[in-house]
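Open the model in your viewer and keep the sequence panel beside it. We will go from stop to stop, selecting as we go.

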Amino acid sequence: MTMSKQHFDLVVVGGGQAGCAAALSGARGGMSVLLVEAAGSLGGAAVNGLVTPFRPFTTKVTENGEEKTLALSQGIFTELFDAYKADGFYGKQRDTRAINAESMKLILDRKMREAGVRVLFHATLCGAAREGRLVRSVSVATIGGILEFEADTFIDATGDATLSAFAGVEFRLGRPADSLCQPMTLCFRLFNIDKEALWKARGEIQALYKTFQDEGKIKNPRDNVLMFDTRLPGVVHFNTTRIVKHDPTDPFAVSEAEALAREQALEMFRFLKENFDCCRNAEMMATAPSIGVRESRMIEARHVLTRDEIVAGTHFPDGIAAGNYDIDIHSPDGGGTSHYYFPPGVYYTIPYRSLLPREFDNLVVAGRCIGATHEAQASIRIMPICVCTGEAAGAAAALAKESNVAVADVDATLLRARLRAGGAFVG
Ligand SMILES: Cc1cc2nc3c(=O)[nH]c(=O)nc-3n(C[C@H](O)[C@H](O)[C@H](O)COP(=O)(O)OP(=O)(O)OC[C@H]3O[C@@H](n4cnc5c(N)ncnc54)[C@H](O)[C@@H]3O)c2cc1C
């Protein structure tokens with residue numbers, strides 16, 4: 001059942017970190033905005049993948065002989081981050097970078113309502129109609145049938161560049177040699193753990209894990225146990241399952257990954273419960289609703305951001321967001337994780353052109369699927385930066401409407417000025 005087409009100034013597909021910021025900045029810029037989200041809540045990986053915490057987003061700079069901390073992600077990120085820290089729904093957070101997913105859902109609902117964004121939950125993008133260099137409409141599968149929406153500008157914030165791929169945008173996948181992406185991880189939480197004893201036993205846990213892995217008793221290829229404290233008594237968060245060599249854009253591979261990762265979660269639960277006193281009474285609290293995808297499609301943008309550019313701390317004339325998170329690559333085919341850490345004071349910016357597919361004039365991409373190489377994406381994929389590219393995409397759409405030009409043609413100098421005026425940091 002297909003219903004008649006509705007028109008919005010801006011349609012944003014994907015209500016994760018990037019999509020929420022894009023919708024907010026577009027609506028605040030005077031646009032009618034529809035936000036389409038496949039899940040039943042906003043927040044993306046932080047909510048549906050139980051991903052936590054926000055990765056670091058500051059650097060040290062010296063000004064007038066004085067050392068200062070510079071936040072590289074500001075604007076809407078600061079507004080939301082402050083709201084998450086201050087939230088009164090479920091108590092104050094102890095670790096200010098940790099995410100309380102339940103608070104995030106409510107805060108984002110309220111922000112969208114206040115800004116007048118129309119949110120459509122349980123709505124999965126299933127097609128895009130193209131006419132020359134324009135996306136004309138998108139099709140969205142809902143309980144009420146397939147709905148079609150037209151817009152002057154579309155923002156692809158699906159994380160997987162799904163709207164772009166459906167419209168015919170070229171993309172890259174994984175590392176150049178074999179197209180393998182960073183592994184997928186299903187986060188999970190255990191409760192009833194004696195946390196004090198667990199942190200003391202950390203060394204023992206890692207050593208026994210390695211022994212069991214060498215003996216073939218642990219199948220998970222990850223080389224260590226990655227666990228984080230939570231603000232809840234007895235609850236520990238695990239980001240330690242690792243599904244390698246599964247294409248995150250192949251629906252069958254993703255389905256298999258979900259099931260395999262649940263087996264790895266059970267394996268870890270049993271390993272801890274059977275071998276460590278601190279976990280003897282542990283129970284499984286939850287596995288995330290969805291497996292987490294670190295990397296999938298990345299668009300062939302007008303500018304593809306590279307490792308060399310970010311390591312050099314390049315500041316682009318059309319920079320719309322900034323970052324210095326390490327190039328953090330979880331091995332696509334095995335156990336290790338490689339890092340390149342930026343020295344203090346060094347950061348790069350992300351050019352507006354990296355958000356623009358080459359083949360389209362009214363489509364902008366935000367979040368982890370912008371135009372970047374495998375290595376550069378390993379740094380720009382963190383949530384604070386995704387919020388900032390989302391804000392920039394929404395601001396560009398609003399500027400396009402005001403200037404009566406296609407979003408791909410907005411003046412980057414004006415865009416940067418607009419972002420700065422809204423409190424964003426663009427380098
Ligand atoms: C295991 C793991 C651990 C991580 N750890 C951290 C960390 O500690 N700190 C950090 O800052 N970052 C971390 N990251 C990275 C970070 O979570 C993501 O890169 C970031 O959330 C991406 O934001 P996004 O808005 O681009 O995409 P997402 O947050 O994935 O949002 C995309 C949204 O689009 C929706 N969507 C997708 N397809 C469709 C469709 N067809 N129709 C409608 N809606 C659709 C999805 O439901 C989702 O809500 C981690 C990632 C993973 C996987």
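Helices (H or I, at least four residues) and strands (E, at least two) are DSSP runs, numbered from the N terminus. Residues are numbered from 1 along each chain as its sequence is written. This is a predicted model, in which local features need pLDDT of at least 70 and side-chain atom pairs count only at pLDDT 80 or more, while totals for chains, interfaces and linings use all residues.

**Stop 1**

Select L50. L50 sits in the loop between helix 2 and strand 3. Its phi is near 50°, a positive value in a residue other than glycine. Is L50 buried or exposed? A residue is buried if 20 or more other C-beta atoms lie within 10 Å of its own, exposed if 12 or fewer, and partly exposed in between, with C-beta atoms placed from the backbone. L50 has 22 such atoms within 10 Å, so it is buried.

Now select P53. P53 is in the loop between helix 2 and strand 3 (58-63). Look at the peptide bond from T52 to P53: it is cis, with omega near -5°.

**Stop 2: the whole chain**

Zoom out. The chain has twelve helices and 21 strands. Its radius of gyration is 21 Å, close to the 22 Å that the globule rule gives for 427 residues, so the chain is as compact as a globular protein of that length. That radius is taken over C-alpha atoms, and the globule rule is 2.2 Å times the number of residues to the power 0.38. Along the principal axes, the C-alpha trace spans about 65 × 65 × 50 Å. Of the 427 residues, 48% count as buried.

**Stop 3: two domains**

Colour residues 6-176 and 296-421 as domain 1, and 184-293 as domain 2. Such bounds come from an automatic or database domain assignment. The C-alpha centres of the two domains lie 29 Å apart. How many residues of domain 1 are in contact with domain 2? There are 20 of them, and they meet 17 residues of domain 2. Two residues are in contact if their C-beta atoms, placed from the backbone, lie within 7 Å. The side of domain 1 that touches domain 2 has six nonpolar, nine polar and five charged residues. Ala, Val, Leu, Ile, Met, Phe, Trp, Tyr, Cys and Pro count as nonpolar, Asp, Glu, Lys and Arg as charged, and the others, Gly among them, as polar.

**Stop 4: around the ligand**

Show the ligand. A residue is near a molecule if its C-beta atom, placed from the backbone, lies within 6 Å of it. Of the 38 residues around the ligand, G14, G16, G44, G292 and G367 come nearest. Domain 1 and domain 2 both give residues to this shell, so the ligand lies between them. Helix 1 (17-28) is one of the elements that supply at least two shell residues. Its share, three residues, is the largest. By class, the shell has 16 nonpolar, 16 polar and six charged residues.

**Stop 5: helix 3**

Select residues 76-86. Here I76, F77, L80 and F81 are buried. They cover an arc of only 125° around the axis, which puts them on the same side of helix 3. The arc is that of the directions from the helix axis to the C-beta atoms. D82 and A86 are exposed on the other side. The buried residues of helix 3 pack against helix 1, helix 4 (101-115) and helix 11.

**Stop 6: helix 12**

Select residues 412-421. L415, R416, R418 and L419 are buried. Down the axis of helix 12, the buried residues fall within an arc of 160°, so they line one face of the helix. What covers them includes strand 17 (319-323) and helix 11. The face turned away carries the exposed residues T413 and A421. After helix 12 comes G423, with a positive phi near 95°.

**Stop 7: D333**

Finish at D333, in the loop between strand 18 (327-330) and strand 19 (337-340). D333 is exposed, with 12 other C-beta atoms within 10 Å. Which residues does D333 touch, not counting those up to four places away in sequence? They are L180, V244 and K245. D333 and K245 are 88 residues apart along the chain, yet their C-alpha atoms are separated by 6.0 Å.
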